[in-house]
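Good morning, and thank you for coming. Today I shall present two parts of one structure, and I ask you to keep the display in view as I speak.

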Amino acid sequence: MPIFSFLAYPEKSMKDQLIKDLSEMQYCEVKPSENREVLILLTDTPDEETSKTLIDTIKDLKSLQSLSMTFGHTDL
Amino acid sequence: MTITRRDFIRAMALKSAAVAAATMFPGISFASWKPTDLPADSILWSKTPCRFCGTGCGLLVGVSGERAVAVKGDPNCSVNKGLCCVKGYHSIQILYGKDRFTTAYVRKDGKMVATPIEEALDIVAAQMKSAIEKTGKDSVAIYGSGQWSIPDGYAASKFFKGCIGTNNVEANARLCMASAVTGCLTTFGLDEPMGCYEDIDNADVFITWGNNMAEMHPVLFSRMLANRKSKTHVQIIDLTTRSTRSSLAADKSILFNPQSDLAIANAICYEIINNNWVNQAFVTDHVSFHTGKTNIGYGTEDHFAFSDKAETVDFEAYKTFLKDYTPELAEKISGVSAEDIKYLAALYGDPEKKVTSFWTMGMNQHTRGTWINNLVYNIHLLTGKISSPGNSPFSLTGQPSACGTVREVGTLTHKLPHGVVMNEDHRKMAAKIWGVPESNIDPKPTYHTVEMFRALDRGDINFMWIQVTNPMVTMPNLTRYRDGAKKDGRFIVVSEIYPTPTSDVADVILPSALWVEREGFFGNSERRTQHNAQLVPKPGEAMCNTWQLIQVARRLGFEKQFPWSQDSYIEDIWNEYTKFHDSPKHRMASYKELTERSGVQWPFVDGKETRWRYNGKYDPACQGDTWDFYGKPDHRAWVWLRPYEPPAESPDRDYPFWLNTGRVLEHWHTGSMTRRIPILHKAMPESYVEINPEDAKNMGVVNGSKVKIISRRGSIVMKASINGRGNPPMGMVFVPFFDESYLINEVTLDAFCPISKQPDYKKCAVKLEKV
């Protein structure tokens, strides 16, 4: 049951789209910055395989420029 | 309000991201989110220094029941002001790896057998006694580290130097800080930096010399970036042999040929003099000029010996010496354009700019490590940019207590807690405080680290106790020293927390208590001593390293010297140890003050910390209110005339590449702790060899291709990384050493600085083969 947090950077002018894309995904919680082009993404998945699939899906989003992990815990 | 562990971890994950964002974007806000308030009674938070690098970040460790469950930065600690790096945030997980040693093991009929720790300690004591009786006191040795808590190192020094009477005490800080020590001693007469981290908030220019702070000292790097963000004129200049994350963040990155920093530093000084940027008043009043021996060798042979001889010269002789280092001549050695050298000199020489120089292993792991430390000090001394806010030449430490334990307690062969074994007054002081006859303390140093392991290989040493370090990964030219440790007739004791290649060669493994499982002190890079209490129970029969030493010392008959009870021995040791530093030059805070505060800087005089040494405005040990370099008899800092000399081994037709080794952000040194933190392991699961894209193309190598790295000493096969985290120039490869599956030190060379005896892990010659 892994929990990760990331800083997610949108492609230029696609912050709102990235918020929408991530908010619609299961296991994702999004905290956008109100004054910077970055948002916090928290993933809380039932198992490692789901986590890996989810992150791969997120990485394929066209609205996402890059993803930088800031925390991870897998031993729950 | 109730909160589950899962809620808690989610809250910590969000906080970690918010802190990371705040580091990169000062002033960032997340209006839609407020951190979850946790019930105050569910977690008990206590301060501790971080277990990892020498930055000395203050942490708050949250304990629930008997388990450490969370970490956050200590906002009361001036080092990090509440920030941590990725290793710090995950640090408590090092306590709970599944393969912790919780019992002792003894080799019986070739197999390691679980053994009660008291029985194992009996065996250690008996083996030590037998070795001393059969082959003499200098056949036993202890090898510790900058991860030793201060009481560990103090007990080891007292036991071996004071009681047994051997100077066979060394620590792995010899591999990372020795050139910084000899640099300080030769220039200032006393060890450790004169400045402090407040320099980061005050400097206008930062020049990093062979130093990837973004990965190795990320919290201090963040402070640098924050300063630059808040003041538009602040510049960061990265002088480096390989492009790194620090290069990407710098305002300008300048690549130089390995070893040629010696020529660059001299050329900067030439330019400063040539342009009349010398602070004449400072130089006249506070500086003297000196030469030493040249063509001093590399120490690759057993029993290598060297002692320098200083001769005083004048400023005119110095100017004449520098004529060999015009920017144009230095360009030919260094590959750095004369224009860039002049640019660097102009930054240092501008009287309106405050300049801080930072360095770590690039300058210290160097066959002329002492010299390059001297030469960077020369730049600051010529311009008078030293010992004042923002003006600071500063060697950053790699380990949490390399300064506190190794440099201050003096766990090196020639050192005592105050002074050196060669000095009769220092021996008398030690003997008096330790309660041993003065004749017990041998006035002659024995083996520095490389020579100590050579002595083990030769059989001159046959008993070695290794605590808190992993030499079977870190020793250069490793194959010789590993084979030596495994020879018949050698008895190796290893105090450890997890299995390592070093515990693999042990005859006895003693399970150690780790970090907040025992009480202790660390001393960080800026002369800050930090106390930690025991916050969680020790697992199984794990025992504090200090207590292990006390137990064996008592078994050898030294009860009088180690009389303390288990309830108070750390405090008792602190009170005894600080007698060695009871002067305005090095007075330390009391045990009570250290338990209450998030670190205290020495000299600590009349309740006041000293931020800048050698400056009478700040340092109570100075005579007068101006600069006083009181470590030297002439009360002056010494400018040294040190030439460029080539490295011990350079690329040639047979071995055409430089090999450079180092570290990565996620892993602490040999990875024995951080590789057991799942998230760090996943982020950086294995080592690799960085290859320049052009070299890779010429070899037909792509990312992930297997490449064989071959030197005159050994070879290793690993995966290629191209345009990855770092990028070496053509003709160089870089390998991180954190991964025990890829022992890159079987390839490196055991050449060292003849003055500091610190090996050079940054330069040897290799060839590459596509596998």
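Let me begin with a definition: an angle from 65 to 115 degrees between two axes counts as roughly perpendicular. Please also bear in mind that this is a predicted model.

With that in hand, consider chain B. How do helices α4(B) and α23(B) cross? Their axes come within 10 Å and cross at roughly 65°; α4 covers residues 150–164 and α23 covers residues 569–577 of chain B. The two helices are therefore roughly perpendicular to each other. Their crossing is left-handed. On the α4(B) side, the contact is made by B:Ile150, B:Pro151, B:Tyr154 and B:Ala155, and α23(B) contributes B:Ile570, B:Ile573 and B:Tyr577. By class, this contact has seven nonpolar residues, with no polar and no charged ones.

I now turn to chain A. Here four strands form an open sheet in the order β2-β3-β1-β4, with antiparallel pairing. Which strands lie at the edges? They are β2, residues 28–32, and β4, residues 64–73, each of which pairs on one side only. From one strand to the next, the twist averages 25°.

Within this sheet, β2(A) and β3(A) are joined in the antiparallel sense over five bridges. As one example, A:Cys28 has A:Thr43 of β3(A) as its bridge partner.

Helices of chain A accompany the sheet. Helix α1, residues 15–23, packs on the sheet and touches β1, β2, β3 and β4; its direction makes about 155° with that of β2(A). Helix α2, residues 48–59, lies across β3 and β4 of chain A and runs at about 155° to β4(A).

Key. Residues are numbered from 1 along each chain as its sequence is written. Chains are lettered from A and ligands numbered from 1 in the order in which they are written. This is a predicted model: local features need pLDDT of at least 70, side-chain atom pairs count only at pLDDT 80 or more; totals for chains, interfaces and linings use all residues. Axes are lines fitted to C-alpha atoms, for helices over the stretch in contact, and angles run from 0 to 180 degrees between N-to-C directions. Angles under 35 degrees count as roughly parallel, over 145 as roughly antiparallel, 65 to 115 as roughly perpendicular and the rest as oblique. A crossing is left-handed if the near helix is turned anticlockwise from the far one by less than a right angle, and right-handed if clockwise. Two residues are in contact if their C-beta atoms, placed from the backbone, lie within 7 Å. Ala, Val, Leu, Ile, Met, Phe, Trp, Tyr, Cys and Pro count as nonpolar, Asp, Glu, Lys and Arg as charged, and the others, Gly among them, as polar. Two strands pair if DSSP finds at least two bridges between them.
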